[in-house]
Amino acid sequence: MKAEQRGNTSVSLQNPTLFNNTLPSPLSGALNGCLGSLDGACLEKLLLHCASALETNDVTLAQQVMWVLNNVASSVGDPNQRLASWFLRALILRASRVCPTAMNFNGSSTIQRRLMSVTELAGYVDLIPWHRFGFCASNSAILNAIQGFPRVHILDFSITHCMQWPTLIDTLAKRPEGPPSLRITVPSSRPPVPPLLNVSTEEVGLRLGNFAKFRDVPFEFRVFDNSSSPSTLGEVVKCKESPSFHFESLLAHLNPSTLNLRDDEALVINCQHWLRYLSDEQNGSPHGASLRDTFLDIIKGLNPQIIVVVDEDSDLSASSLTSRITTCFNYLWIPFDALETFLPKESCQRMEYESDIGHKIENIISFEGFQRIERLESGIKLCQRMTNSGWVSIPFCEETVKEVKDLLDEHASGWGMKKEEDMLVLTWKGHNSVFATAWIPNGLED
C-alpha cells in the first residue's frame with residue numbers, strides 16, 4: 001500500500017473534546033519513528049498501538065494514540081487515510097464501551113444506514129465487481145450443474161436481495177431445449193448489514209416473477225418464515241444469537257418439509273457473502289459444532305445438486321483485536337483504493353459505499369462475542385472446512401473463466417482473476433479480494 005503526503009485535515013468526530021488540545025506526552029519510540037512518513041504502514045502501526053492499549057486497559061496511551069490518529073487520518077484523504085478514519089471511529093466506539101467514564105464519548109454508532117431503491121441497488125452492485133464476479137462465476141457453475149433437469153429449485157442465501165437472478169433467468173430462457181421450471185426460495189430475514197432495500201422481499205419476488213414471465217420462464221418465488229424459533233431444536237445448536245437475525249431458528253427450518261423440496265427438482269444452494277454471518281465458534285453441544293459447520297451439515301443432508309459459496313477472501317475470525325486490525329486494514333484498503341480510481345472524493349455514491357464498509361469495520365473492531373457478526377474466513381480455510389464437512393469441490397470450466405474475464409474487462413484495469421486449485425479468485429492489483437467455489441456432497445460424483 002502506498003499513500004501520498006496529506007494536508008492538515010482531520011477526521012470529524014461527534015465529540016472533539018475527547019482529545020486534549022495540548023500535545024500528548026511522548027509516545028513510544030516506535031510511534032515517534034513512524035510519524036514522518038504517514039504511509040499505510042505508519043497508520044497501521046498507530047492503530048495497532050491503540051488496540052494494544054485498549055486490550056490492556058491503558059486508557060492514557062489509548063487517548064494519546066487516538067489524538068495522533070485524529071490529526072493524521074482523514075475522511076477526505078488518500079485511501080489509507082480514509083480507511084484509517086473509519087478505524088478510528090470504531091476504536092473510539094470500542095473504547096467508549098470498555099471505559100465509558102474515562103473516554104467521555106457517546107458509544108452509539110456514528111454511521112447512518114440508508115435504504116436503497118431497487119435501481120440504486122443495481123448501481124451499488126455494479127460499482128466494483130465484488131458481487132458481479134460472484135454472480136457470474138456462480139451462475140455459470142449452476143447452469144452446468146442443472147443441465148438436463150426440467151425443474152430447478154434454488155435455495156438462496158445472500159445479502160444482495162436476489163440481484164443475481166435476472167441474468168440467470170435470461171440465460172435459462174435461451175436454453176435450446178426450452179427453459180426449466182424455476183423456483184427460488186429465500187429466508188424471511190437476513191443479516192442486518194448493507195445493502196438495505198426499501199421494498200419487501202415479497203416485492204422483489206414479484207418483480208422477478210414479472211421478468212420471468214416476460215422471458216417465458218415458468219417461475220415461482222417463495223419466502224419461508226424463519227423468524228420464530230421452535231420450542232425444541234434437538235442437538236442442532238444452543239447458543240446466543242443476534243436479536244436481529246435468528247440463526248438458530250433458520251437452521252431449524254432447513255428441512256424438506258418447510259422448504260417444500262420435491263424429488264423431481266435439481267436443488268441448488270446459493271451462498272453469496274452470507275456464510276460469514278454464521279458463527280465459527282464452537283458451541284456447547286455434545287459434538288462441539290459451530291453454527292457454520294452445523295449449517296453445512298444440514299444443507300448436505302438435503303442432497304443438493306450443487307452449492308456455490310462466494311465471499312471476501314480474508315480471515316477476520318481471530319479473537320485478538322490486534323490481529324483483526326492488521327488483517328482488516330490490509331484487506332479493506334482494496335475497495336478504498338479501487339474507488340479512488342474512478343470516483344471523485346465528493347461523489348455521494350462513493351461516500352455511501354465507504355460508509356457501508358465503515359459499518360463492517362465497526363462490527364469487526366468494536367464488538368465481541370455474539371454481537372460480532374462479521375466473521376470472514378479465507379478461501380483456503382473455507383475449502384478445508386467444506387472438505388472436513390464431507391463436500392467435494394468441483395472446478396470451474398474454461399467457459400466460466402472466459403465469462404468472468406469478459407466481465408472484468410468492463411471495470412478498471414487493476415481488477416484481475418486467478419485460479420487457486422478449484423477456486424476462482426478476484427484480485428485487485430494482485431491482492432486477493434473475493435473467492436468463488438462450487439461443491440457437491442461426497443458421493444454425488446459421477
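Let me begin with a term: by a contact I mean heavy atoms of two residues lying within 4.5 Å. With that in mind, and remembering that what we are looking at is a predicted model, consider the contacts in the protein between residues at least 6 apart in sequence, of which 77% join residues at least 24 apart.

As for the overall make-up, the secondary structure comes to 16 helices and eleven strands, and of the 446 residues in the protein, 55% are buried. The protein exposes about 18700 Å², and carbon and sulfur atoms supply 50% of that area.

The largest cavity has a volume of about 240 Å³ and is lined by 19 residues, with Y124, H131, P194, E312 and K360 lying nearest its centre. The elements that give two or more residues to this lining are α7, spanning 130-145, α13, spanning 321-340, and α14, spanning 348-366; the largest share, five residues, comes from α14.

What, then, lines the second largest cavity? This cavity, with a volume of about 60 Å³, is lined by L275, R276, R292, V309, D311, R375, E377, L382 and F435, and those residues divide into four nonpolar and five charged, with no polar ones.

Technical notes. Residues numbered from 1 in each chain as written. Predicted model: local features only at pLDDT ≥ 70, side-chain atom pairs only at ≥ 80, totals over all residues. Heavy atoms only, no water. 1 Å grid on protein atoms, 1.4 Å probe; cavity = no way out; pocket = protein on both sides within 12 Å on 5 of 7 lines; lining within 4 Å. Points joined across faces, edges and corners; volume = space filled by probe spheres on them. Helix = DSSP H or I, 4+ residues; strand = E, 2+ residues; numbered from the N terminus. Nonpolar A, V, L, I, M, F, W, Y, C, P; charged D, E, K, R; others polar. Buried < 20%, exposed > 50% of the residue type's maximum accessible area, 1.4 Å probe, protein only. Areas by Shrake-Rupley, 256 points an atom, 1.4 Å probe, with all protein chains shown as cover.
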